[in-house]
Amino acid sequence: MESKNAEFISKYYGDALVRGLISKQAQRYGHAIGWGKVLSERGWTLPVKEVPPERIGELLDDKLDIFFPIRVKDDSELVIIWDIEYFNNTEPGWLFDRKNQKTVFSWMAPAFLMVEDILKSYGIKYAIDVTMSGIHVWSKVRAGSAGFNALADEGTLLASLEEKYAEVVPSDLKRLKPVAPELGRAYNAAGKILEFFTHELIRRNRKENPTAIPVTISDTPQFGERYPYSGISSDLTQYGHPIFMRCIRAFCSAHQKSIFRGFEELGPAVDVIKTGGITYSDAARIMWDADEAIKFYRDNFAASSIDIPDSSDGWLAAAKAYSKSELKDKHMEWETAEPYDYVSEDKRGLYYNFFDRRQANPALLTPVNLQTLGEEFGNDGATEAKKIFRDIANCYADDTLGWYDPVKFTGIDWKKYDPQMAADFWGRVYWSLHKMGLGRGSGHSQERKK
């Protein structure tokens, strides 16, 4: 790491208030995670370090980005994250330029305000963490509250996931105790309701800004004229994986994705909590200046505490709205469908193109391909699409396809994740999006740009 970038992070993490804000957050969780260039420079193939929360100072001293698990240590609440960010599939590095980032935030700001409107319409209280490429929207529901119970009632668990949730792995900080079925179901329902919100966001974005950058689910390009390979991703991917496998960047963490990807000249940034007194553009400016970021946190969080708002009542209202929605009906159709045992003759060529063993990895992990499969096999109901995604789950479970390299720490270790859960999630999300008339080619006139 270049000296100026190391000095930026050291200066920022050297502030007592900033360290206190991060340390206090750590107390909610069973462990803390650090990621960053210092570890890769020490020869770590996977530059990730997990420590108990009381050792958070080690991660700060090593100038690492800080992450916490989604699951809190005492299961007293369910933390719900809505991750929304810019993606560019043809030029992923285009964002790593101050001018380009400013442009991207001007494109995204109208959609961010729609996100806030959607949450407020259900009475959901939230905190927004502004990152280098978008926002993380945080809220929480108290365990045992009416809102939590409503989520648990709406959620489902596959048998394969129930088995993983019941397992304890003493050597793994993430799996020191089982996940209660009601927590697992509530987490599943939170993902479904964020899917419901995303559909509303897509509709509003198309109606209110017909030439705007499109909103998609999880980095899937829409191939339109204006933004063919880029967009705003409502990234729901975490809800396709077990709760114990997912983490999120901490509030007020340093953010070194830029320098890790080789943009040393751009430098690292700082995640900024959006308060009522600043705009998204303000946050995107503050994050590049360590002194200004420190001043921001001193001015707004002098009590050394960052609270995630309790939104139990708001999520109760959202669960009730979802339960009466057309999307809920589509989810029920998906969940109750019995998959075909064959592929229709006219689509066998398409099927074998994706399932050819020479390209199944990574073809069957790529969201653009998964959306294609959900749409192409989803025209006549859920049964054919269900067969396709069942076959994807079987591929994920096939070790001979080389999904995970434990030496290089690349790919996905499906022994920890759940193949059936992931494939079912992707199938449900993209099949439902298609059936609701919100998939690719369903009405977003665009003139070519970045």
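**Figure 1. Strand 4 pairs with strand 6.** In this predicted model, strand 4 (residues 77–88) and strand 6 run antiparallel and share 9 bridges. Strands (E, at least two residues) and helices (H or I, at least four) are DSSP runs, numbered from the N terminus. Two strands count as paired if DSSP finds at least two bridges between them. I84 stands opposite I135 in strand 6. Buried means under 20% relative accessible area, exposed over 50%, and partly exposed in between (1.4 Å probe, protein chains only).

**Figure 2. Strand 5 and strand 6 form a hairpin.** There are 3 residues between the two strands. Strand 5 (residues 127–130) joins strand 6 through 4 bridges, in the antiparallel sense. V130 stands opposite I135 in strand 6. I135 also stands opposite I84. In a regular strand, side chains alternate between the two faces of the sheet.

**Figure 3. Q420 lies in helix 18.** The helix comprises residues 419–435. Is Q420 buried, exposed or partly exposed? Its relative accessibility is 33%, so Q420 counts as partly exposed. Leaving aside neighbours within four places in sequence, Q420 is in contact with L158, S160 and A393. Contact means heavy atoms within 4.5 Å. Q420 and S160 are 260 residues apart in sequence, yet their C-alpha atoms are 7.0 Å apart in space.

**Figure 4. H331 lies in helix 13.** This helix comprises residues 326–336. H331 has 1% relative accessibility, so H331 counts as buried. Which residues does H331 touch, not counting those up to four places away in sequence? They are K192, E195, Y322, R428 and S432.

**Figure 5. The whole protein has 18 helices and 14 strands**. Its radius of gyration is 21 Å, close to the 22 Å that the globule rule gives for 450 residues, so the protein is as compact as a globular protein of that length. The radius is taken over C-alpha atoms, and the rule is 2.2 Å times the number of residues to the power 0.38. The C-alpha trace spans about 65 × 55 × 45 Å along its principal axes. Of the 450 residues, 59% count as buried. Among contacts between residues at least 6 apart in sequence, 76% join residues at least 24 apart.

**Notes.** Residues are numbered from 1 along each chain as its sequence is written, and side-chain values use heavy atoms, leaving out hydrogens and water. Local features need pLDDT of at least 70, side-chain atom pairs count only at pLDDT 80 or more, and totals for chains, interfaces and linings use all residues.
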